[in-house]
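Below is a short report on one protein model. Look over the chain and the fold before reading on.

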Amino acid sequence: MRVLGIESSCDDTGAAIYDLRQGLLAHRLASQVDIHARYGGVVPELAARDHIRALLPLIEAVLDDAGLSRTDIDAIAYTSGPGLVGALLVGAVTGRSLAFALGVPAVGVHHMEGHLLSPMLDEPELEYPFVALLVSGGHTMLADVAGPGRYRVLGASLDDAAGEAFDKTAKLLGLGYPGGPAISKTATAGAPGRFKLPRPMTDRPGLDFSFSGLKTAVVQLVEPLDLDEQTVADVCFAFQEAVVDTLAIKCDRALEFARRDQLVVAGGVGANTRLREQLAARAERRGARVFFPRLEFCTDNGAMIAYAGALRLAAGTRADLAIDVTARWNLADLPAM
Ligand code: KG4
Ligand code: ZN
């Protein structure tokens, strides 16, 4: 079975073709970073409009890359939630209509299920079960993945996502968007130990996160300061250490709680060098293994939707003719495969 996958839940348009026997045949991404950069964050209406512009040419391009024509597609999978409604609708309308026109089945995919299964695209050594840390601009989540369709959410952010905290702090310090890479780059010139920021919610049991308090702590920290270049670097250093420590402490706890010895990191914040170093060092200490899938599969992409969709389709799931998207959708509500 050859599945066309479509991702349009936020600010990236993704398309890919996954074959259950041959694996990933093609995938492409159209990024909207340039469109949203001047606003310092994603503008939902602009995101939806750009998905409309980008999606059909992107689908043509992946078909071309794979040397296929539309009639070679056996099914279509599209992200049907959670995400921005206008953005989701573009992928859902396109995917569902195209499937109808081609007379093939369609399936709506849960965006987070796509993320949770994405390491399988690229990590031949990885086998179920594992604990997944998903850290992006929109989500922060720890989940126990026992197998496809068998997820237990162990913890999630009660407010801002980790990437969002990077982006907001960068904005506050006058650094660019997206904030994660900007802070991480600036932090390399920072002096360790000059400032100390809290590690939110690590002093009590549990696996949930909260990053909005950390942002407030940064606001209070910088308020009396003269923000010269060195000071900004020192604040970036302290901020990054606080986020990275917090994530790493919770990952250790999650591995212990779920009794797993494999950790997979996905999402844009997974690109952070300090986070990678810390998680690798801690994993080694406890005899666990940590996997960082290729960055293009960590961040939003069509390949993970094609893959998760292929598994769902193989398990018999089908979308009916109604075009449905779900802005808020709990992973725990997914049926087992
Ligand atoms: O997964 P992603 O590309 O998009 C979604 O949010 O779905 O993640 C983007 C987030 C942004 O908040 C960005 O600031 C953050 O990932 N990010 C980083 C780094 N690279 C990207 N955060 C920290 N360090 C980085 N090197
Ligand atoms: Zn995502």
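Buried means under 20% relative accessible area, exposed over 50%, and partly exposed in between, with a 1.4 Å probe and protein chains only. Strand 6 spans residues 130-135, and six of its six residues are buried.

This is a predicted model, in which local features need pLDDT of at least 70 and side-chain atom pairs count only at pLDDT 80 or more, while totals for chains, interfaces and linings use all residues. Residues are numbered from 1 along each chain as its sequence is written, chains are lettered from A and ligands numbered from 1 in the order in which they are written, and side-chain values use heavy atoms, with hydrogens and water left out.

Helices (H or I, at least four residues) and strands (E, at least two) are DSSP runs, numbered from the N terminus. Two strands pair if DSSP finds at least two bridges between them. Strands of a sheet pair through backbone hydrogen bonds, either parallel or antiparallel.

Strand 6 pairs with strand 7 (residues 140-147) in the antiparallel sense, over six bridges. The two form a hairpin with four residues between them. Leu133 has Leu142 of strand 7 as its bridge partner. Strand 6 also runs parallel to strand 9 (residues 262-266), joined by four bridges. There, Leu134 stands opposite Ala266.

**The zinc site**

Four residues coordinate the zinc ion (ligand 2): His111 (NE2), His115 (NE2), His139 (NE2) and Asp300 (OD), at 2.1 to 2.6 Å. Donors are N, O and S atoms within 2.8 Å of the metal (3.2 Å for Na, K and Ca); water is not among the atoms, so sites may look incomplete. Along the chain the donors follow the spacing H-x3-H-x23-H-x160-D.

Why is the arrangement of the four donor atoms irregular? They subtend angles of 87 to 158° around the zinc ion (ligand 2), which makes it so. Four donors count as tetrahedral if all angles lie between 85 and 135 degrees; four count as square planar and six as octahedral if opposite donors are over 155 degrees apart and all others between 65 and 115; anything else is irregular.

His111 and His115 both sit in helix 4 (residues 111-117); because they are four residues apart, about one helical turn separates them. Both His111 and His115 are buried.

Five strands form an open sheet with mixed pairing, in the order 3-2-1-4-5. Strand 3 (23-31) and strand 5 (106-110) are the edges, each pairing on one side only. Neighbouring strands of this sheet are turned by 20° against each other on average, direction ignored. Axes are lines fitted to C-alpha atoms, for helices over the stretch in contact, and angles run from 0 to 180 degrees between N-to-C directions.

Helix 2 (residues 44-66) packs on the sheet and touches strand 1, strand 2 (12-19) and strand 3. Contact means heavy atoms within 4.5 Å. The direction of helix 2 makes about 25° with that of strand 2. Helix 11 (residues 302-314) lies across strands 1, 2, 3, 4 and 5, at about 130° to strand 1. Strand 1 (residues 2-7) runs parallel to strand 4 (residues 75-81), with four bridges between them. Val3 stands opposite Ala75 in strand 4.

**Domains**

The domain assignment of the chain gives domain 1 (2-116 + 297-333) and domain 2 (128-292). Such bounds come from an automatic or database domain assignment. The C-alpha centres of the two domains lie 28 Å apart. Domain 1 gives 18 residues to the contact and domain 2 gives 19 residues.

**Backbone details in the loops**

| Site | Backbone value |
|---|---|
| Gly81 to Pro82, cis | omega about -15° |
| Tyr177 to Pro178, cis | omega near -5° |
| Met201, positive phi | phi about 65° |
| Arg259, positive phi | phi about 55° |

Pro82 is in the loop between strand 4 and helix 3 (85-102). Pro178 is in the loop between helix 5 (162-172) and helix 6. Met201 lies between helix 6 and helix 7, also in a loop. Met201 is buried, because its relative accessible area is 15%. Arg259, in the loop between helix 8 (229-258) and strand 9, counts as exposed at 75% relative accessibility.
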